[in-house]
Amino acid sequence: MTDNVEHVRVHDPVFGPVDVHLDGEAGELSLEGDVLPGVVVRRAPGTQLEVHVPIGTRDAQRLTMAIDGSEARLTPSKGFLTRTSYRVDVHYDGVHYRLIPVTTGESRLLRDGAVLGTLISTGDGVVSVEWRDGAGQEPRDAAVGYSLAASFGTGAEPMWKLTLDAVLNLIP
């Protein structure tokens, strides 16, 4: 990691302290907690940076993710005209996670299609979460959710705004 590391400690209401280390310059995020498995997300060296993505890219071919030392398949969508196009999927140990924007600033975390909670992160490593009551969240769920929110941020503009921005960018 470089000297430009954001280190944030947050307190999860269910799982206790969570430490997030985000180095956007080097393209690395690491997460650990007292009861959470460790997570590392890395961007490949030489990747062209996208400044609006904390980890630096949404290109799945240029990213790796490890949970508790084992490889996970990380597949962020490209992000263009709809909120759902900003979703991020993770497949790990037979489980499918999805972080999907639901408002301008919030994203929902799902495990195999079931909503676990809502996360908020503006891209500086700080993540807050509101867990859904009775959803049976486990430490691994929290580790994945925090890592995705910190790596990619949360929320997205509504479709009409994204479409308008795309059209306006085409006008000279």
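Ala, Val, Leu, Ile, Met, Phe, Trp, Tyr, Cys and Pro count here as nonpolar, Asp, Glu, Lys and Arg as charged, and the others, Gly among them, as polar. By that scheme, the lining of the largest pocket holds 9 nonpolar, 8 polar and 1 charged residues. The model is predicted: local features need pLDDT of at least 70 and side-chain atom pairs count only at pLDDT 80 or more, while totals for chains, interfaces and linings use all residues. Residues are numbered from 1 along each chain as its sequence is written, and side-chain values use heavy atoms, with hydrogens and water left out.

A pocket is an open set of points on a 1 Å grid over the protein atoms alone, where a 1.4 Å probe fits, with protein on both sides within 12 Å along at least five of seven lines; its lining residues have an atom within 4 Å of a point. The largest pocket contains about 260 Å³ of space, a volume being the space filled by probe spheres set on the points, which are joined across faces, edges and corners. It is lined by 18 residues, and His-52, Phe-152, Gly-153, Thr-154 and Gly-155 are the closest to its centre. Strand β8 (residues 95-101) gives the largest share of the lining, 3 residues. Strands (E, at least two residues) and helices (H or I, at least four) are DSSP runs, numbered from the N terminus.

Next comes the interior. A residue is buried under 20% relative accessible area, exposed over 50% and partly exposed in between (1.4 Å probe, protein chains only). A nonpolar core is a set of buried Ala, Val, Leu, Ile, Met, Phe, Trp, Tyr and Cys residues joined through side-chain atoms within 4.5 Å. The largest one has 38 residues, of which Met-65, Leu-74, Val-90, Tyr-146 and Leu-148 touch the most other members. Helix α1 (residues 139-152) supplies the largest share of this core, 8 residues.

Charged side chains remain. A salt bridge is a side-chain nitrogen of Lys or Arg within 4 Å of a carboxyl oxygen of Asp or Glu, and the count comes to 6. One of them joins Asp-141 and Arg-111 (2.3 Å, N to O). This pair links distant parts of the chain, with Asp-141 in helix α1 and Arg-111 in strand β9 (residues 106-111), 30 residues apart. Asp-141 is buried at 0% relative accessible area, and Arg-111 is buried at 19%. Another joins Asp-89 to Arg-87, with the closest N and O atoms 3.9 Å apart. Asp-89 is buried at 7%, whereas Arg-87 is partly exposed at 26%. Arg-87, Asp-89 and Arg-98 are linked in a network of salt bridges.
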